[in-house]
Each structure stands twice: as structure tokens, then as C-alpha cells.
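I opened my notebook to get to know a new structure. Here is what I looked up, entry by entry.

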Amino acid sequence: HEMFPTKSDISSDDIPEELKDIVIYIAGRTGWNYLPVLLLILFSISSATRGKYVGKINDAWSEAIVIYGLICAESGNMKSNVLKMVMQPHYLFEDKKQNEHADHLSNPANKASRQLARNIARKQSQKKHCENLKINNESLQEFSERIQHDYETIDAYYNIDEISALPVLFTENSSFPKLYETMQNNGGGTTFASAEGNTFLHLVFASRSPLDIFTKAYNYEKFITETKRDGTKSFKNPFFNIGLVINPDIARQLYSNKRLGLHGLTPRFAVCFGGKYHKIVEDAPGKTDYNKYIEHIKDLLQSSYTQEARRELVEIDFSQEAILELNDIQEHFEIRQKEVSKNQEHYHAYIRKLHGLVARIATILHIWRHQQPEKESVSRKDVIVADKIVRQLNTHAEYAFSPSGLSAYYDAQKIIDWITRHRHSFFSSTDVAKGIENMKNENIFPALDALEKLNIIRQHIEPQKARLCVVHKDFLMKSLISSLLP
């Protein structure tokens with residue numbers, strides 16, 4: 001627990017005014033800091049738009065309105081409670097849609113009569129166009145086109161497919177074929193919202209997992225996959241919203257996995273460290289604002305949810321002032337990128353996406369304030385507020401991608417277990433490499449640095465030599481006492 005430093009929180013003055021009351025309310029009820037709660041609420045709003053909107057900055061730059069968010073918190077920090085409070089309106093909306101679906105299914109006569117009417121209409125169309133049909137290529141082509149036109153008109157009028165699949169907002173599918181089916185039946189995308197992350201991890205860590213679906217869904221890019229068993233699956237504008245509230249061990253697996261980094265998946269996540277840092281306020285003011293938030297999210301879902309896989313996208317423009325501000329922000333992050341060590345290639349990739357994240361969050365704030373957001377332009381103020389949020393998140397990401405960050409957390413725990421098990425009072429980095437399987441200097445050195453920061457060990461470091469380490473006597477004594485306790 002002590003390995004994990006408390007990261008800086010966002011000031012209440014920098015919370016978007018329209019979200020401030022609800023952020024403070026949820027933070028008060030859970031004891032969490034503001035920033036992770038704010039990130040979850042932005043994820044919730046984005047999820048409620050169901051891939052409907054595109055933030056259009058100019059002809060060459062647009063942003064899909066989706067959020068990949070990861071909040072890292074230790075066990076016992078009410079992760080499930082926080083996620084449940086934020087996503088409650090989504091659960092309520094999904095229950096409502098599924099109850100409506102069940103009502104339709106419980107009345108088979110309704111569906112049967114529509115099927116019969118559709119079949120009759122199709123036969124009448126065939127009979128009509130068969131009259132005076134000449135058997136030649138030109139006539140057959142014209143006949144085919146007329147039949148196709150009539151069928152499309154009939155199917156649209158006697159729509160019986162709208163209730164054929166169960167409406168689902170979230171996915172718990174741990175296989176890609178089932179994931180694709182959920183996407184096809186629910187507007188071309190889905191939402192991952194989990195306090196465990198098991199489903200998502202199973203998908204991305206599976207051998208030969210098609211990570212392209214996650215990178216392409218982040219930008220609404222066309223995705224096609226083909227297998228012998230499942231055939232061809234095609235998505236014109238796929239979308240995912242991903243919100244994971246997970247413990248450090250799981251987060252470490254994501255950020256220490258080179259394949260996910262090289263593929264550009266972890267750099268797409270807005271990462272934040274959370275947890276219960278102050279007392280819970282049972283009677284926290286803001287219950288009315290929370291109820292308004294629930295209704296607002298449900299309204300967004302009502303206007304955005306569809307089961308049509310090829311949904312129409314709605315563009316939201318940026319004002320000229322907002323575009324100029326975004327250009328300045330992009331320049332700032334380009335300078336910041338040059339200051340980062342070239343060895344941190346995954347963090348470089350993350351920084352390159354930050355101006356896009358600013359544009360996405362600015363658009364989300366704009367959507368929250370306007371009933372018809374496409375009729376107004378995103379303002380410079382929205383961009384400035386979004387920039388403050390992203391810069392604060394970047395301080396957390398810097399630690400997540402650092403060699404002494406999430407990866408060191410996991411490796412340091414291995415070293416602590418090894419020290420405790422063998423009761424080492426003195427050892428070298430070479431001893432660690434020999435004593436712990438698959439530990440190399442690139443993992444060992446950052447982990448030893450982390451342990452030294454916590455005053456568990458002291459190191460003697462000389463270039464081109466193994467590091468020499470002495471263990472703090474108080475740590476050894478506590479370990480010994482713990483091992484003797486029943």
C-alpha cells in the first residue's frame with residue numbers, strides 16, 4: 001500500500017462548473033478525490049452518447065467522442081461503489097430497454113402479424129413486377145432493382161427486427177465473436193465498465209487477440225475481421241467507451257505489457273490514481289444534483305441509443321477561438337514530448353494524443369450543456385477547462401509510464417516477498433536476478449529505487465557493477481514478527 005504514492009488532485013476551482021456539484025457529491029459520499037470521480041463522470045457522459053458525435057476541429061482533424069479511462073486504486077477503496085454511483089443511470093436505462101424488449105417478446109401475435117403482413121407485401125410486389133416481364137438481361141436487371149427497392153420500403157415499414165436482439169449497453173463478453181455480436185446488435189459498439197477489469201484483460205491478453213478493434217474503435221475507423229468459423233464481420237464506425245477501476249496489480253499488467261504499448265492501446269487511456277483519501281460524508285449536500293445527473297444521462301441515452309449497426313454520425317464544430325487555443329495546446333505538448341527521454345516510447349505515444357483528448361473532453365462538456373449540441377460550436381472556454389483536466393491527468397500518466405512507476409510497483413513486491421521469505425539483511429542485484437525468475441536489471445533497478453524511496457533498503461551504486469543493498473532493520477524485525485504470529 002505504501003508503494004503507491006498519492007498523486008495530486010484537481011482543484012475544485014478547475015472542475016467544470018456544470019459538473020462541480022455532482023463531482024463534490026460523489027467524492028463526499030465515497031471519500032475519493034475529485035480527479036478520478038471527474039474522469040469517471042466524463043466517461044459516463046461519453047458512454048451515454050453511444051458513438052453518435054464527432055468533434056470536428058477542421059477538415060483534417062476530427063475526434064471520435066469516446067473515452068478510454070483507467071483508474072487505479074488499492075483493494076478496499078470502494079471501487080465498485082464509486083463506479084456504481086457514476087454508472088447508475090446507465091443501469092436504469094438498460095433495465096428499461098430490456099423490460100420493453102421482454103414485453104414485445106411476450107406478445108408473439110404482434111410480431112407474427114407484422115411478419116405475415118410483410119410476407120404478403122413482398123409477394124404482391126413480385127406479382128406486380130412479374131407482369132409483362134421480358135426474359136433478357138436488361139429487363140431482369142430492372143426487375144431486380146425494383147424488387148430490391150420495394151423490399152427495402154416494406155422492411156422499413158414492417159420493422160420486426162428492432163426487437164430481435166436484447167438491448168445491451170455493457171459487455172461482459174470474454175470472446176471476440178460474442179463481442180462482435182453485441183456490437184452489431186447495439187449500434188456498432190459497446191461500453192466496458194468494470195471494477196475488476198477481468199473481461200477486458202482476457203480479451204487483450206488472449207493469444208492472437210485482434211487489438212486493432214480497440215485502436216480503431218477509439219477513432220470510429222472501419223474494422224473488418226474474417227475467420228473460418230465466424231465468417232466476415234464489418235463495422236463502419238465502431239466505438240468503445242472503456243472505464244476500468246482496477247487495483248495496481250492489474251494496472252501493472254497493462255502498463256508493463258510491451259505489445260499493448262507498441263500497438264498504441266495503453267497510450268489511448270486517460271489514467272488516474274484514486275482511492276479513499278478522506279472521510280465519507282454521509283449527508284453530503286448535492287443529492288438533488290445527483291438526481292438531475294441521473295435524468296440527464298438517461299435523456300442522452302434516449303436520444304443516442306440505437307440498435308442499427310450503421311448509425312449516422314453527427315458533427316460538432318469548434319469555434320475559431322477554440323481552434324486557435326487547441327493549436328497552442330498541441331504546440332505545448334509537442335515541446336513537452338521533446339523533454340521526455342526517448343527510452344519512454346509509450347509515454348511519447350501518450351503525449352502525442354493529449355491534444356486530441358483535450359478536444360474530446362471539451363466536446364463532452366459542450367454536449368452536456370446543450371440539448372442540440374450540433375447547433376452550437378465548442379467554445380474556447382470549454383477547451384481551456386478541458387486542458388486543465390488533461391494536464392492534471394498527465395501528472396498521473398507520467399508515473400504510470402515511468403520505469404519506476406506501475407512496473408516497479410509489481411517488481412518491488414516480488415523483491416519484498418523474496419527478502420521476507422529468505423530473511424535477507426544484505427543482498428546484491430545479482431542475487432535478485434538469480435533468486436527471482438524472469439527478473440532482469442531493467443526490472444530490478446527501478447524496483448530497488450522504489451524500495452529505497454520507502455526506506456526499506458539502502459543501495460550502494462557503482463557504474464558497471466552489481467548494486468549492493470542493505471535492508472532496514474525495522475523492516476526485518478516486522479517481517480520476523482509477522483512470520484511468527486498465528
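**Entry: the largest pocket.** I began with the largest pocket and found that 27 residues line it, with S256, K258, S407, E442 and N443 lying nearest its centre. I noted the meaning of the term: on a 1 Å grid over the protein atoms alone, a pocket is an open set of points where a 1.4 Å probe fits, with protein on both sides within 12 Å along at least five of seven lines, and lining residues have an atom within 4 Å of a point. The model is a predicted one, so I kept in mind that local features need pLDDT of at least 70 and side-chain atom pairs pLDDT 80 or more, while totals for chains, interfaces and linings use all residues. Residues are numbered from 1 along each chain as its sequence is written, and side-chain values use heavy atoms, with hydrogens and water left out.

I looked up the volume of the largest pocket next, and it is about 800 Å³. That volume is the space filled by probe spheres set on the grid points, which are joined across faces, edges and corners.

Which elements give two or more residues to the lining of the largest pocket? I wrote down α9 (248-255), α10 (258-262), α13 (345-352), α15 (380-401), α16 (406-422) and α18 (441-453). Of the elements, α16 gives the most, with five residues. Helices here are DSSP runs of H or I with at least four residues, strands are runs of E with at least two, and both are numbered from the N terminus.

By class, I found 10 nonpolar, 10 polar and seven charged residues in the lining of the largest pocket. Nonpolar covers Ala, Val, Leu, Ile, Met, Phe, Trp, Tyr, Cys and Pro, charged covers Asp, Glu, Lys and Arg, and the others, Gly among them, are polar.

**Entry: salt bridges.** I found 18 salt bridges in the structure. The term stands for a side-chain nitrogen of Lys or Arg within 4 Å of a carboxyl oxygen of Asp or Glu. I looked at some of them in turn.

K56 and E315 meet through their side chains at 3.8 Å, N to O. This pair links distant parts of the chain, since K56 sits in strand β1 (residues 53-58) and E315 in strand β9 (residues 314-317), 259 residues apart. K56 counts as partly exposed because its relative accessibility is 24%; buried means under 20% relative accessible area, exposed over 50%, and partly exposed in between, with a 1.4 Å probe and protein chains only. E315 is also partly exposed, at 45%.

E63 and R360 form a salt bridge at 2.8 Å, N to O. Here strand β2 (residues 61-64) holds E63 and helix α14 (residues 354-369) holds R360, 297 residues apart. Are these two buried or exposed? E63 is buried at 10% relative accessibility, and R360 is buried at 0%.

R467 and D449 also pair up, their closest N and O atoms being 2.8 Å apart. I placed R467 in the loop between β11 (457-460) and β12, and D449 in helix α18, 18 residues apart. R467 is buried, with a relative accessible area of 11%, whereas D449 is partly exposed at 28%.

I also noted that E18, R369 and D382 are linked in a network of salt bridges.

**Entry: a surface patch.** F426, L468 and V470 form a nonpolar patch on the surface, with about 260 Å² of accessible area together. Patches take residues with over 30% relative accessible area and no salt bridge, and nonpolar side chains (Val, Leu, Ile, Met, Phe, Trp, Tyr) are joined within 5 Å, like charges within 9 Å. The areas come from the Shrake-Rupley method with a 1.4 Å probe, and for residues only the protein chains shown count as cover. I found V470 in strand β12 (residues 468-471), where V470 is partly exposed at 41%.

**Entry: positive phi.** Most residues other than glycine have a negative phi. Y220 has a positive phi of about 60 degrees, and I found Y220 in the loop between α8 (212-217) and β5 (223-227). Y220 counts as buried, at 7% relative accessibility. N438 also has a positive phi, near 60 degrees. N438 is in the loop between α17 and α18 and counts as exposed, at 68%.
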